[in-house]
Amino acid sequence: MGERAGVALAVISVCLGGTAAAVTRYLVGNADPITLAILRWGIGFLCVLPTALLLRVRWPPRSDWLAVAGLGICFFGVFFILYNIAMSYTTAARASLALSTLPLQTMVVGALLGIEPLTPRNPSASASRSRRLRGAGVRSCRRARRCVARGAHHDRRRPVHGVLQRLVAAFIRRSSALGFLSVGMGAGAAALILAGYLTGGVAVLGSFGAPQWIAGAYLGVGGGALAFILWVMALERATPTRVANTMTLNPIAAGLLATQLVGEPITPNLVIGLVAVFSGIWIATTEARTA
């Protein structure tokens, strides 16, 4: 039950993250990438910290604080600035498809760090059968988005997520999930706010109306605090590879909400691709239990 509960928590977390991608697309014309990141992680931290204090969580040992803060700045700061830049170049679903390589990245980095051994079954399951289905889904979704994204030249996201995922799993073992998340997110939010003051990103918030603030609040509460609380809880209950496999649900949630917010179409090719993506997740997360 522990593994299943962990995967279920990861699925909910990823769906929240996917819908946050669509909301980011909605806001991208009103704010720069740093402002969007400030909204997501500034509000997110204001939700996570009181929760951690109320629950009296176990904080990372002092010897880990600098490293955890560095991870927070890399992930919540640098990674999501690049993520928001990508959103200005392409559609929500297409940008989210970049995360479909996360399971393979996670397995490789996990083996290098000695967290989870890379057995013959792992690559054949997650990187062969599941990858073929996910790959078919990705290709189909890309064809569906081609007419929308012709003006988009490059998806500028970088494949750092898998590396950070493994390092996160290692540090969580020496503290509580919420304690780790609070320190990392707080460091990332502080760095973003400083960058926002220097670049004028904070001043942009003054021009927001009610719709933009509602969307920004969802980014912070749903796509920021709740999504990552569930994510780190999932890492405590399931292996990092299984948790990472759920990331292929991200473009499904992103594409469905983006149709309503910014008019990104759902075509037959997209539907076929989403079904293939879901099938890949199912095989990757259930194969080990039937071995």
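Trainee: Where is R56 found?
Mentor: R56 sits in the loop between α2 and α3. This is a predicted model, so every value here is computed from predicted coordinates.

Trainee: What is the phi of R56?
Mentor: The phi of R56 is positive, about 55°, although R56 is not a glycine. Most residues other than glycine have a negative phi.

Trainee: Is R56 buried or exposed?
Mentor: R56 has a relative accessible area of 77%, so it counts as exposed.

Trainee: Switching to the overall fold. How many helices and strands does the protein have?
Mentor: The protein has 12 helices and 0 strands. Read from the N terminus, the elements run α-α-α-α-α-α-α-α-α-α-α-α.

Trainee: And what share of the residues is buried?
Mentor: Buried residues are 54% of the 291 in the protein. The protein exposes about 12800 Å², and carbon and sulfur atoms supply 67% of that area.

Trainee: What about contacts, what percentage comes from residues 24 or more positions apart?
Mentor: Among contacts with a separation of 6 or more, 90% are between residues 24 or more positions apart.

Trainee: Then the core. Which residues touch the most other members of the largest nonpolar core?
Mentor: W41, L181 and F228 do, in a core of 44 residues. Two or more residues each come from α1 (2-27), α2 (33-55), α3 (62-87), α4 (92-96), α8 (177-199), α9 (210-237) and α11 (250-261). The most come from α9, which gives 9 residues.

Trainee: Which residues is F228 in contact with, leaving aside its neighbours within four places in sequence?
Mentor: F228 is in contact with W41, F75, F76, F80, L181, M185 and G223.

Trainee: F76 makes me think of G184. Where is that one?
Mentor: G184 is in helix α8. Not counting residues up to four places away in sequence, G184 touches V68, G72 and F76.

Trainee: Is G184 buried or exposed?
Mentor: Its relative accessibility is 4%, so G184 counts as buried. The C-alpha atom of G184 is also 7.5 Å from that of G70, and those two residues are 114 apart along the chain.

Trainee: Which residues in α11 are buried?
Mentor: N250, P251, I252, A253, A254, G255, A258 and T259 are buried in α11. Of these, N250, A253 and A254 are in contact with G18, with neighbours of G18 within four places in sequence left aside.

Trainee: Where does G18 lie?
Mentor: G18 lies in helix α1. At 0% relative accessibility, G18 counts as buried.

Trainee: On to charges. How many salt bridges does a search of the whole structure find?
Mentor: The search finds 1 salt bridge. R25 forms it with E264, the closest N and O atoms being 3.3 Å apart. R25 is in helix α1 and E264 is in the loop between α11 and α12 (268-290), 239 residues apart.

Trainee: Is E264 buried or exposed?
Mentor: E264 is buried, since its relative accessible area is 3%. In general, side chains of opposite charge can pair when their charged atoms come close.

Trainee: Last topic, how many disulfides?
Mentor: The count is 0 disulfides. As for cysteines, C15 is partly exposed at 31% relative accessibility, and C47 is partly exposed at 26%.

How values were computed: Residues numbered from 1 in each chain as written. Predicted model: local features only at pLDDT ≥ 70, side-chain atom pairs only at ≥ 80, totals over all residues. Heavy atoms only, no water. Core = buried A, V, L, I, M, F, W, Y, C linked by side-chain atoms within 4.5 Å. Buried < 20%, exposed > 50% of the residue type's maximum accessible area, 1.4 Å probe, protein only. Helix = DSSP H or I, 4+ residues; strand = E, 2+ residues; numbered from the N terminus. Contact = heavy atoms within 4.5 Å. Disulfide = S-S within 2.5 Å. Salt bridge = Lys/Arg side-chain N within 4 Å of Asp/Glu carboxyl O. Areas by Shrake-Rupley, 256 points an atom, 1.4 Å probe, with all protein chains shown as cover.
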